[in-house]
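The following exercises are to be worked with the sequence and the model at hand. Each task is followed by a solution in steps.

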Amino acid sequence: MGILAWILIGLFAGIIAKLLMPGKDPGGIIVTTLIGIAGGLLGGWLGKVIFGVDSIDGFFEISTWIAAIVGSIILLGVFRLFSRATR
């Protein structure tokens, strides 16, 4: 997939992750997008390592979106833990 597709998936996956994990986050839309992009990569990598599947197939594949959202939720949780610890 192209870099623009990763940014779009990251944006939407980050927003969905924030909707699924309500609460205050210190980050805005840029942090949400970065967490979503990194979460998509993390979700794809975890899918390969744990389940042995290629979870990043294409932009319109459900496995790509699930991997991106799960990875974003993981990273958002880690981000919240570290942001609370520094306050």
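## Exercise 1: The aromatic pair

At 18% relative accessibility, Trp-65 counts as buried. The model is a predicted one.

**Task.** Determine which residue forms an aromatic pair with Trp-65, and classify the geometry of that pair.

**Solution.** 

Step 1. Phe-12 lies in helix H1 and Trp-65 in helix H3 (residues 62-85), so the pair links distant parts of the chain, 53 residues apart.

Step 2. The limit for a buried residue is under 20% relative accessible area, and exposed begins over 50%. Trp-65 is buried because its relative accessibility is 18%, whereas Phe-12 is partly exposed because its value is 40%.

## Exercise 2: The largest nonpolar core

**Task.** State which residues make up the largest nonpolar core, and which helix gives the largest share.

**Solution.** 

Step 1. Five residues form this core: Ile-9, Ala-13, Trp-65, Ala-68 and Ile-69.

Step 2. H1 and H3 are the elements that each contribute two or more residues to the core. The largest share comes from H3, with three residues.

## Exercise 3: The nonpolar surface patch

**Task.** Identify which residues make the nonpolar surface patch of about 810 Å², and which helix gives the most to the patch.

**Solution.** 

Step 1. The patch consists of Leu-4, Leu-8, Phe-12, Ile-15, Leu-19, Ile-29, Ile-30 and Leu-34.

Step 2. Helix H1 (3-20) and helix H2 (29-51) each provide at least two of the patch residues. H1 gives the most, namely five.

Step 3. Ile-15 sits in helix H1 and counts as partly exposed because its relative accessibility is 33%. A patch residue needs over 30% relative accessible area.

## Exercise 4: The chain as a whole

**Task.** Describe the secondary structure of the protein chain and state what percentage of its residues is buried.

**Solution.** 

Step 1. The chain has three helices and zero strands, in the sequence pattern α-α-α.

Step 2. Of the 87 residues, 36% are buried. The accessible surface is about 5,400 Å², with 76% of that area belonging to carbon and sulfur atoms.

Step 3. Among contacts between residues at least 6 apart in sequence, 68% join residues at least 24 apart.

Definitions and conventions
Residues numbered from 1 in each chain as written. Predicted model: local features only at pLDDT ≥ 70, side-chain atom pairs only at ≥ 80, totals over all residues. Heavy atoms only, no water. Patch = residues over 30% accessible without salt bridge, like charges linked within 9 Å, V, L, I, M, F, W, Y side chains within 5 Å. Areas by Shrake-Rupley, 256 points an atom, 1.4 Å probe, with all protein chains shown as cover. Salt bridge = Lys/Arg side-chain N within 4 Å of Asp/Glu carboxyl O. Helix = DSSP H or I, 4+ residues; strand = E, 2+ residues; numbered from the N terminus. Buried < 20%, exposed > 50% of the residue type's maximum accessible area, 1.4 Å probe, protein only. Phe/Tyr/Trp six-rings, centres within 6.5 Å; stacked < 30°, edge-to-face > 60°. Core = buried A, V, L, I, M, F, W, Y, C linked by side-chain atoms within 4.5 Å. Contact = heavy atoms within 4.5 Å.
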